[in-house]
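Here is a short briefing to read with the model open beside you.

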Amino acid sequence: MPAAALSPEIVSKYEPVIGLEVHVQLLTATKAFCGCANRFGSAPNTNVCPVCLGLPGALPVLNERAVEFATLAALAINCEVRERSIFARKNYFYPDLPKGYQISQYDKPIAEHGWIDVPTADGETKRIGITRLHMEEDAGKSLHDGFSDSATRTYLDLNRCGTPLIEIVSEPDIRTPMEAVEYLTRLKEILLYTAVSDCNMEEGSLRCDANVSVRLKGAPKFGTKAEVKNVNSFRFIRQALEYEIERQIEVIEAGGRVMQETRLWNAAEGRTYSMRSKEQAHDYRYFPEPDLPPLIVSPEFLSTAREKLPELPEARRARMIAEYGVAAKDAQTLTASREFADRFEAAARGARNPRGVANLLLNEVGGRLKALDIEQEQSPVSMAGIVLAADLLDEGKISSKQLKQLFDVCFEKGEDFPAVYEREKPEQITDSSAIEAMIDEVIAANPKQVEQYRAGKKTVAGFFVGQVMRASKGQANPALLNELVAKKLEG
Ligand SMILES: [Zn+2]
C-alpha cells in the first residue's frame, strides 16, 4: 500500500465519495441486434454474422427479450421506465469493436431514478440512489496471452460482439469500500432473483467499474475522481477502493492534485495503475442510432413485466421471518438464492413446524455440509428427508440425539434420511413403567438436585431428563420422559 505513511488522523479528515457502474450481460438466447447465439465458451469467432461483425450494409434488429429483461431489472431496482428511449452510437475505435461504435443509450436511457437499500455496519439501512439503467451491446475480446506468438500478436474473438448488456449507474452515494461491496451484493442478489443474468463474475457477465474521489469532510464539492476498471471480484473491488482512497489522500497531502483518469486494478500487485486520462463524454461523439427507431415501452409491456417480477429477496426475508418465525440471520441464509428459498418453502409448507425444518436444514445438515466443504446440491439428505426428520422430532418419535446419529449415517453412507430411518428406526422406549424405573434411580442418586427442584428451581428438571435420556441410550420417548420427570419431582 502506498499509504503506509498516512496516519489515521490524516485519513479521518477525508471523506471518500464512490459511485459504481455495473455492466450486466443478459441471459437471452440470441444477441441484442442479430440472431447469433449469445453463449459463453464457444470456439472463437463462431457466433458471428454480418450484423455483429459490423459489415457494411448490415442492419440491426432489436431483440425484444433483451428489452423485457432490461425492464424487469429496472423495476426490480425501483427505477422509472421511460416510455420512449433512444439508442445512440458511442463512437470509438478499438480492435475488438469492428463497427467502430457501440450501440448504447445516452441522454434518454430506458430507465432512471431507482434505488436499493443496503445494510450498514451499525445495523441500519442506507438507500443508494441509482441514476440510470441503460441498454447497450458488448464488444468482442482481445486475447493478449496464451498463444505461441502472444509476445508480438494479439488475437481477436468477436463472439461477444453484440451481447446484450444493461449498465446500472449508481449515484455517488457510497462512502466506504464496505458499502460498495454491500451495494454490489444486494444488486447481484436482486438480478439473480429476476433471472435476467447469471451474474457470473469470472465469465464477465457482471463487471464493475468504480468512480472514486476524496474530499475534506464537510467540503461542499466533490474532489476529482478517478475511474477504476478491470476489477473482477467483490474482494478486489474492496481492495482497489481502499488502495485508491489512500493513494488520493496521499497525493493531496503531498500538495499535489488528483488527476481525472482511468486506472486499472492489478490484483497481483494490489495496486491501481494509470491507464489513460479520462476521455470526456463528448469525445465519444454520441448521436442517435439512425438504424434503430426510438424504443417504445408501452404501458401494456410494462404491466406484463411487472406481473413477471418475482418476490424480491428483501421482501421475501421479511415475509419468511413473519410466516415461519425464523431468525433474521437464518432468513438471510435461506434466501441466498431464489432456487434454494423455493425449495425450502415448498418443503416447509408441508411440515408440522417450518421453523424446525429451517433449523435442521441450516444447522444439522448445513453444519455437516460445511465440515465436508460440499454444496447444498450435493447433500445426501433431501428437503423431503429434512421435513420427515423435523416432523419425527416434533412428534417426539425420535430424540434429538437419535436424529443426530441418523444424520451421521446419512452422511457416512450417502443415503437420504427416509431410507436410513426406515432401516435403522431407533428403538423407542414408550413403556411408562420402564421410564419411571429409570427416573426413580436417577432421583435416588441425586438428592441435592431434588432438593433444589423442590425449593423452586424448576429448571433442574432438565438435568433429570438429560440423565435418564443418557441412561436409556437416547431411546426414551422425549415427550413421555418430560411428562414423567415433572410428575415424579412434584410427587
Ligand atoms: Zn450476429
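## A loop residue to start from

Gln 475 counts as partly exposed, at 28% relative accessibility; buried means under 20% relative accessible area, exposed over 50%, and partly exposed in between, with a 1.4 Å probe and protein chains only. Please keep in mind that this is a predicted model, where local features need pLDDT of at least 70, side-chain atom pairs count only at pLDDT 80 or more, and totals for chains, interfaces and linings use all residues. Residues are numbered from 1 along each chain as its sequence is written, and side-chain values use heavy atoms, with hydrogens and water left out.

**Around Gln 475**

- You will find Gln 475 in the loop between helix H16 (461–471) and helix H17; helices (H or I, at least four residues) and strands (E, at least two) are DSSP runs, numbered from the N terminus.
- Leaving aside neighbours within four places in sequence, Gln 475 is in contact (heavy atoms within 4.5 Å) with Gln 402, Glu 427, Gln 428, Ile 429 and Met 469.
- From the C-alpha atom of Gln 475 to that of Asp 291, 184 residues apart along the chain, the separation is 77 Å.

**Helices H14 and H17**

- H14 (residues 432–445) packs with H17 (residues 478–490) at an angle of about 50°, and their axes are 10 Å apart; axes are lines fitted to C-alpha atoms, for helices over the stretch in contact, and angles run from 0 to 180 degrees between N-to-C directions.
- H14 and H17 are therefore oblique to each other, given that angles under 35 degrees count as roughly parallel, over 145 as roughly antiparallel, 65 to 115 as roughly perpendicular and the rest as oblique.
- The crossing of H14 and H17 is right-handed; a crossing is right-handed if the near helix is turned clockwise from the far one by less than a right angle, and left-handed if anticlockwise.
- On the H14 side, Ser 432, Ile 435, Glu 436, Ile 439, Asp 440 and Ile 443 meet a set of H17 residues that includes Leu 480, Leu 484 and Lys 488.

**Nonpolar cores**

- The largest nonpolar core has 77 residues, and those with the most contacts inside it are Leu 20, Ile 77, Ile 110, Leu 133, Ile 168 and Tyr 183; such a core is a set of buried Ala, Val, Leu, Ile, Met, Phe, Trp, Tyr and Cys residues joined through side-chain atoms within 4.5 Å.
- Helix H3 (residues 64–76) supplies the largest share of this core, nine residues.
- Another core, of 34 residues, lies apart from it, with Val 381, Ile 398, Val 409 and Cys 410 among them.

- E1 (residues 14–25) runs antiparallel to E10, joined by five bridges; two strands pair if DSSP finds at least two bridges between them.
- Val 24 stands opposite Ile 166 in E10.
- Seven bridges link E7 and E10 in the antiparallel sense, and Arg 132 has Val 169 in E10 as its bridge partner.

**The E6–E7 hairpin**

- E6 (residues 111–119) and E7 (residues 125–137) run antiparallel and are joined by eight bridges, with Ile 116 opposite Ile 128 in E7.
- Five residues lie between E6 and E7 in this hairpin, and Gly 123 in the turn has a positive phi of about 80°.
- E6 also runs antiparallel to E2 (residues 80–81), with two bridges between them.

**A three-stranded sheet**

- An open sheet has the order E5-E4-E15, with antiparallel pairing.
- E5 (101–105) and E15 (287–288) stand at the edges, each with a single partner strand, so one side of each is left without a neighbour in the sheet.

- Most residues other than glycine have a negative phi.
- Ala 195 has a positive phi of about 65° although it is not a glycine, and is partly exposed with a relative accessible area of 40%.
- Arg 285 also has a positive phi, of about 45°, and is exposed at 54% relative accessible area.
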